[in-house]
Amino acid sequence: NTTFVKELRHRFLYHQKLGHNLILSSEHIGSKGKMKFADPLLWKRLLEGFQVKVVIGYRHYFEWIRSYYYQQHLGARYVKLWFDEGGRSQPPFIEFLTNHLDVWEAGGRSNAANERTSTHMSLWLYLEWSKVFDDVQIFDLNQPGDVFTNFACQYFPTANALCHQLTQLQQAVNGTTTFGKRASSNFHASRVVEAAYEQGLIKHKPRRRKNFVLRVEHEMSRFQIDNEQEYFSCPSPALEKRFHNASLTFLKELYTVTRGQHISRKQWAEAQEEHDLLYEEAKAKRKFCDINATSVLLHKTFIERAFEPRRQSREIVYITSDNHPKSG
């Protein structure tokens, strides 16, 4: 709102007078929607007097699209409410990917609305923010090493001590610990719950669907469902070819708009090789596949553990005079 914007401007002026450097980071700033804080012109006014460097993170399309899919289906209707209460189901990733590729391949960038939804977010943001700011850079999230250490060392020009400290910490743990990496998420358990609900396997459901999903997720881990190929449906060779092509195309387009004609054939060949290596690693981990809920629900022992009502064992605890609890 207007009051918050004014307060933010006053705060920036305060730091400007003291000669401070500022780091602003929020996913709302880089939103593709119509949110006010995603407007580069607003930030141009708010940061007047500062030397601004805009840094946009870039993940390969095959990494980004999975995260985009996940974020698009996290609302209450997808997570909390049951289906007879207005809840919705998460579509299969393969279906979501196919639709995204269809729009992009059909030239969806012919209008602003489709441009936001069919292209790679990082590329779209780079083009939009470059219209307003002179110094817009791409931070490669695919590069080796810890994300936070790389960011600090590459974009904090006066933070040499911090860069050195983070680098030493990474060397001490031999790169086994990362400071800026989140565990990947999926809707496998949620889609199994949906299928079980449709088959009438859920006799007593808790108030919130999410609670039941967590229970099923635990049992799936217990039975190592995610480690078995038989429980997954993966993209067809034709879809995979389209997927791989789109990812490489976005990468090349990004190189073109950020570097112009300053990339040699050798550099592009190396970039493509690195891209394909990461792509194959993700493919080997079945990150592009959907859980096959129908197959999972053929696992009788899993169904007994995950969906049949459990008996509640009650324990009476007596407090003795020596303050040590005893069960009875």
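Axes are lines fitted to C-alpha atoms, for helices over the stretch in contact, and angles run from 0 to 180 degrees between N-to-C directions. In this predicted model, the axes of α8 and α9 come within 9 Å and cross at roughly 150 degrees. Angles over 145 degrees count as roughly antiparallel. That makes α8 roughly antiparallel to α9. The crossing of these two helices, α8 and α9, is left-handed.

The α8 side of the contact consists of F148, T149, A152 and C153. These residues meet L162, C163, L166, T167 and Q170 in α9. By class, the contact of α8 with α9 holds six nonpolar residues and three polar ones. No charged residue takes part in the contact of α8 with α9.

A disulfide is a covalent bond between the sulfur atoms of two cysteines. Two disulfides are found in a search of the whole structure. One of them joins C153 to C163, with an S to S distance of 2.1 Å. The pair links distant parts of the chain, ten residues apart. C153 lies in helix α8 (residues 147-155), and C163 lies in helix α9 (residues 160-172). The link of C153 and C163 is right-handed, with 105 degrees about the S-S bond.

The crossing of α12 past α13 is right-handed. From α12, the contact draws on E240, F243, H244, S247, L248, L251, K252 and Y255. From α13, W268, A271, Q272, H275, D276, Y279 and K283 take part. The residues of the contact of α12 with α13 divide into seven nonpolar, four polar and four charged.

The protein chain has an average pLDDT of 84, and 85% of the residues score at least 70. Among the elements of the protein chain, strand β3 (residues 232-233) has the highest mean pLDDT, 95. The lowest mean, 38, belongs to strand β5 (residues 317-319). Over residues 109-114 the pLDDT is below 50. This stretch, residues 109-114, has eight contacts in the model beyond near neighbours in sequence. Residues 312-328 also stay under 50 in pLDDT. For residues 312-328 the model has twelve contacts beyond four places in sequence.

Conventions. Residues are numbered from 1 along each chain as its sequence is written. This is a predicted model: local features need pLDDT of at least 70, side-chain atom pairs count only at pLDDT 80 or more; totals for chains, interfaces and linings use all residues. Side-chain values use heavy atoms; hydrogens and water are left out. A crossing is left-handed if the near helix is turned anticlockwise from the far one by less than a right angle, and right-handed if clockwise. Helices (H or I, at least four residues) and strands (E, at least two) are DSSP runs, numbered from the N terminus. Contact means heavy atoms within 4.5 Å. Ala, Val, Leu, Ile, Met, Phe, Trp, Tyr, Cys and Pro count as nonpolar, Asp, Glu, Lys and Arg as charged, and the others, Gly among them, as polar. pLDDT is the predictor's confidence in each residue, from 0 to 100. A disulfide is a pair of cysteine sulfur atoms within 2.5 Å. Angles under 35 degrees count as roughly parallel, over 145 as roughly antiparallel, 65 to 115 as roughly perpendicular and the rest as oblique.
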